[in-house]
Amino acid sequence: MEGAVYLDNAATTRCDPRVAEAIGRTLSEDYGNPSSVHPLGVRAGRALRAARETLARALDAGPANVFFTSGGTEANNLALLGFARATRRHGLHVVVSAIEHPSTLGAVKALEEEGFETAIAPVDEKGRIDPDAFGELLRPDTVAVAVMLANNEVGAVAPIAEIAKRVRSRSPRAVFHVDAVQAFGKIPVSIRALGADSLSVSAHKIHGPKGVGALVLGGRRRPRALVFGGGQEENLRPGTENLPGIVGFARAAALAIETLEAEAARLRALRDRLWAGLAKHIPDLRRNGDPEACVPTILSLTFPGVPAEALLHQLEAKGIYVSAGAACHAKKSSLSHVLVALGLDRAHVNSTLRFSVGRFTTEEDVAVALDAVPAAYEGLRALASKR
Amino acid sequence: MTQGLVTGTRLFVRYAEVGLKGRNRFFFEQALIRNIRQALAAEHAVVERSWGRILVRVPGDPARAVERLRDVFGIASVSTAQATDKELVSLETEAARVAAAELARRPGDTLVPFRVETSRADKRFPLNSMEVNRRLGAVLLPRFPRLRVNLEEPDLTVGVDIREEAAYVYADRTAGPGGLPVGVSGRALVLLSGGIDSPVAAWLSMKRGLRVRFALFHSAAFVGEAAKEKAMDLVRILSRFQGPSRIDVVPFADVQTEIRKASPEPYRTILYRRMMHKIAERLCGRHRCSALVTGDAIGQVASQTLANLRCIDDAAPIPVLRPLLTYDKLETIALARRIGTFETSIRPAEDCCTVFQPEFPVTRGRVDVCREVEATFDVDRLVVEALKATERFALET
């Protein structure tokens, strides 16, 4: 929306105009089916290969190991369900962290119905995972492990490489899946360095289009497909490729990687200025997550004594858009499982807002927010405390 | 001569209470015809009156038109009739045709209990009703071996209506919603909250012939746009039953903030409601509505005790209609599902921000206390300002 201060980039981002241009061109010109043998199909196939290579490079994987999906949710589902089903003869035990995305937790729930047993690894009050404590949960018959690289609600970055070592030694048969949806494009992500078997990424979190993502694999192990069809994506994810989306995804990934370091520094500065400014005016303000290990984009704040919903709408009325918890929860009345896992009580969970910056966030935006948030908070605080 | 115009398919619309209303009958019929025309505008329907019935000609699919008429209040039932001239042989042909069509809808070879039911408005017709019944039965029975005469519990009734201008033959009957045509009972303003109850109250009001306008009290800066979107969607759904509808969106944040500051906590909810009624009463004056409609049910929540309803009714000199007064929640929900508002009503969108809600609302409010508290702030100014900033929207399905 024109003139809006959009501080909800962890929910989704505005598509970069350069990405939109690439998508538009693919829709109207390179409209062939990559499986067709005529020149249009060949051209589409070439574009698909190029996109795959770009994604592979961006994540330090082999091009043959990039499988496009409809987004992060499908990639997480494919990894969890697909790998667990493929390896169930080795065991029926799954380990995930307590702050995974609903798409991972939902897949785990489905696995439980298929007879799997789940261990949920706790996090500390900053959302940190202790690799040793995590290791204690791993068993020889553990077949799938999932941990997110950066948490979508508080931004905490998990010690994936350390966890990977524990997985290799204690659960040699297990597949280690990493949800990198919120991390990709914001911090360097290398599937090799992380030591993961699979990685999920999504385009719309990095100024790409909605409806496209990928599951990237680290080695030769393959999950079992969830859908069946005409052989595309090595039959792991058949269906005519969403070429416009995939081309847009690749363009968005390339743009994000190109400028990652400088952009991360800029975003971190913006976010930290927002935090410092708000903390100065609102002494009771609490920051959630781990400032030492956090993506540069996310700031989760608890405004004690004020309902987050009300504050959100007050800001919305001033053209400032943020989230109460994750956007995925915002429409449900249930408490955020992430904030609960961090040990926040009900009142604090209900007083928590997430601010998230992105490529199009300006210093001006932060100044507007710094101007508006304390006033809105004070006003609501006065209303809410007068019993 | 008029032969070509007479034959063809007609929707045969019967009305229940409308027919009983003595001298007002013409007025009711006119309203019903107008509402039918409006409901079928997209179908290019021609609507005519014929003593005690309304006949509708539609160029397109009659099934679609019948479906639309199920939402027009005042209609008791609708049949898809074949119009024909009044020759006996024509009646026989049409009766055979509708019977064949109805039998085709009951596959298998089971026996079908049936009867013929004739109504003869044109007394010059040579056979009387009984004679027509017998004559058509004698023609149909040998042609359709599955038919068995059963006058008490027929599954298939072939209806014949012999009128001045033509005869009509039909075998189906779709129930209408009953009630009175929208508009004949006057106009009322529905206070829409976005919950389950108020849309049902609106529907029941329309069912008794009220044309309703809607009002939403919206604290935008506290509950966001979702609450407004939801209310607008509900109005769109409800406009199916009365045609294009209007909603007034009244900004309410200032009023709530003022009351929040100035009033004893237990009385807050009643005082919000009183302010809503004061503002709504003014809207009624502006838009020629003679009553308010709310979704209150006795005792459902704290603000709906008898004492509190009395406090609320004291706020403005206007009748407050509460069609759901005696409904259980489950009854209301069942009706909301039938009307089609339930799914929208349960969409998450707060209608009152938690900072405004009292922890322990009073259950036995006192009118004098309400008045005393209101004397401490400028009620008139708040009412006037809210009215000034009210937005209006016209919505349809």
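α1(A) passes α8(A) in a right-handed crossing; a crossing is right-handed if the near helix is turned clockwise from the far one by less than a right angle, and left-handed if anticlockwise. This is a predicted model, where local features need pLDDT of at least 70, side-chain atom pairs count only at pLDDT 80 or more, and totals for chains, interfaces and linings use all residues. Residues are numbered from 1 along each chain as its sequence is written, while chains are lettered from A and ligands numbered from 1 in the order in which they are written.

Back to that helix pair. Helices (H or I, at least four residues) and strands (E, at least two) are DSSP runs, numbered from the N terminus. Axes are lines fitted to C-alpha atoms, for helices over the stretch in contact, with angles from 0 to 180 degrees between N-to-C directions.

| Helix pair | Axes come within | Crossing angle |
|---|---|---|
| α1 (17-28) and α8 (243-258) of chain A | 8 Å | roughly 155° |
| α6 (197-207) and α12 (329-339) of chain B | 9 Å | roughly 70° |

So α6(B) is roughly perpendicular to α12(B), and α1(A) and α8(A) are therefore roughly antiparallel.

Which residues of α1(A) meet α8(A)? They are R18(A), V19(A), A22(A), I23(A), T26(A) and L27(A), and among their counterparts in α8(A) are L243(A), V247(A) and L255(A). Contact means C-beta atoms, placed from the backbone, within 7 Å. As for classes, Ala, Val, Leu, Ile, Met, Phe, Trp, Tyr, Cys and Pro count as nonpolar, Asp, Glu, Lys and Arg as charged, and the others, Gly among them, as polar.

The α6(B)/α12(B) crossing is left-handed. There, D197(B), P199(B), V200(B) and W203(B) meet T332(B), L335(B), A336(B) and I339(B), a set that divides into 6 nonpolar, 1 polar and 1 charged.

Now the sheets of chain A. One is open, with 7 strands in the order β2-β8-β7-β6-β5-β3-β4 and mixed pairing; two strands pair if DSSP finds at least two bridges between them. β2 (66-69) and β4 (117-121) of chain A stand at the edges with a single partner strand each, so one side of each lacks a neighbour in the sheet. Neighbouring strands of this sheet are turned by 20° against each other on average, direction ignored. β2(A) pairs with β8(A) (213-217) in the antiparallel sense over 4 bridges, and F67(A) has L215(A) as its bridge partner. Helix α3 (72-86) of chain A lies across several strands, including β2, β7 and β8 of chain A, at about 35° to β8(A).

Another open sheet has 3 strands, β9-β10-β12 (chain A), with antiparallel pairing. Its twist averages 35° from one strand to the next. β10(A) (298-302) and β12(A) pair over 5 bridges, with L353(A) in β12(A) as the bridge partner of L301(A). Helix α9 (260-281) of chain A lies across β9, β10 and β12 of chain A, at about 15° to β10(A).

Finally, the chains meet: 15 residues of chain B are in contact with 14 residues of chain A. On the chain B side, the largest share, 4 residues, comes from α7(B).

Notes:
Two residues are in contact if their C-beta atoms, placed from the backbone, lie within 7 Å. Angles under 35 degrees count as roughly parallel, over 145 as roughly antiparallel, 65 to 115 as roughly perpendicular and the rest as oblique.
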